[in-house]
Amino acid sequence: MEIHLIDVQTEYEEVDVGTCEFCFGTYEMFEYPTFIFKLANGKEITVNGWWDSWDNATVPPINNLVHFAEWLDTKVYRNDTKFDTDWLESAIMEYFRVCGDLGIKDREGAPIYADSIVLVNYRGKTVRADDCYIDLDSYATSHIKFTMFDKEFDYHPNGKALYYTDLVTHNGGVYEDFDSSNLLVLAEHYDTENREKKWLEEYGR
């Protein structure tokens, strides 16, 4: 069974979350996304992107709905698949792991995906990133990991923070005075079998 994403509609509601005399009257804006799909047989279905719970639990936010829809078009599910909120969350998590848009761009404005080839230039040295991904626990946190200067670095582009672990002492921490302008990221995304060839020829890696 093939399924195609048509639209996502989101309703917003201001909810009173204060339950004691200190926080009574505290409000939060809750989001209720609804995903609209079309099945291979032409039938349209809606899937809630949220659960009815006290903490406004929703499916992970998707940075690039068009890219997600294109990826979903390549999937084929069993005819007895139950297309519900749990299925939707599972599909989004798989998308994140395979090729998800990290919601950040490189120095040339190109989007960075989980399967992009990423080069990092820091303090005058260029290396290929070890990994780039979206944290599946916090959903929205993007990471770019790379190794240089006998350290493993974990760059959080969203918060422009840089964490490190010393490979010799195994001590780690966060660079308090980190300046993100000193770190340049360049990404390349290919859909062909030779997607790594350009980088390997240019940088000899």
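The structure is a predicted model, in which local features need pLDDT of at least 70 and side-chain atom pairs count only at pLDDT 80 or more, while totals for chains, interfaces and linings use all residues. Residues are numbered from 1 along each chain as its sequence is written, and side-chain values use heavy atoms, with hydrogens and water left out.

**Confidence**

Begin by colouring the protein chain by pLDDT, the predictor's confidence in each residue, from 0 to 100. The chain has a mean of 80, and 79% of its residues reach 70 or more. Select strand β3 (residues 44–48), where confidence is highest, at 94, and then helix α3 (residues 197–203), where it is lowest, at a mean of 47. Helices (H or I, at least four residues) and strands (E, at least two) are DSSP runs, numbered from the N terminus. Over residues 191–200 the pLDDT is below 50, and this stretch has 17 contacts in the model beyond near neighbours in sequence; contact means heavy atoms within 4.5 Å. Where pLDDT is low, the predicted coordinates should not be read in detail.

**The sheet of five strands**

Next, display β8 to β12. These 5 strands form an open sheet in the order β8-β9-β10-β11-β12, with antiparallel pairing; two strands pair if DSSP finds at least two bridges between them. At the edges, β8 (131–134) and β12 (172–174) each pair on one side only. From one strand to the next, the twist averages 20°. Now select β9 (residues 142–148), which pairs with β8 in the antiparallel sense over 4 bridges. Cysteine 132 stands opposite isoleucine 144 in β9.

**The sheet of three strands**

Move to the open sheet with the order β7-β6-β13, whose pairing is antiparallel. Here β7 (125–128) and β13 (183–188) are the edge strands, each with a single partner, so one side of each has no neighbour in the sheet. Strand β6 (residues 117–122) runs antiparallel to β7, and 4 bridges join them. Valine 120 stands opposite valine 127 in β7. Between β6 and β7, which form a hairpin, lie 2 residues; arginine 123 in the turn has a positive phi of about 55°.

Finally, select helix α1 (residues 65–72) and helix α2 (residues 85–99), which pack at an angle of about 100° with their axes 11 Å apart. The axes are lines fitted to C-alpha atoms, for helices over the stretch in contact, and angles run from 0 to 180 degrees between N-to-C directions. The two helices, α1 and α2, are therefore roughly perpendicular, a term for angles of 65 to 115 degrees. On the α1 side, show His67, Phe68, Trp71 and Leu72; the residues they meet in α2 include Trp87, Ala91 and Tyr95.

Zoom in on phenylalanine 68 and tyrosine 95: their ring centres are 5.3 Å apart and their planes at 75°, so the pair is edge-to-face. Rings of Phe, Tyr and Trp (its six-membered ring) pair if their centres lie within 6.5 Å, and planes over 60 degrees apart count as edge-to-face. This pair links parts of the chain 27 residues apart.

Technical notes: Angles under 35 degrees count as roughly parallel, over 145 as roughly antiparallel, 65 to 115 as roughly perpendicular and the rest as oblique. Rings of Phe, Tyr and Trp (its six-membered ring) pair if their centres lie within 6.5 Å; planes under 30 degrees apart count as stacked, over 60 as edge-to-face and the rest as tilted.
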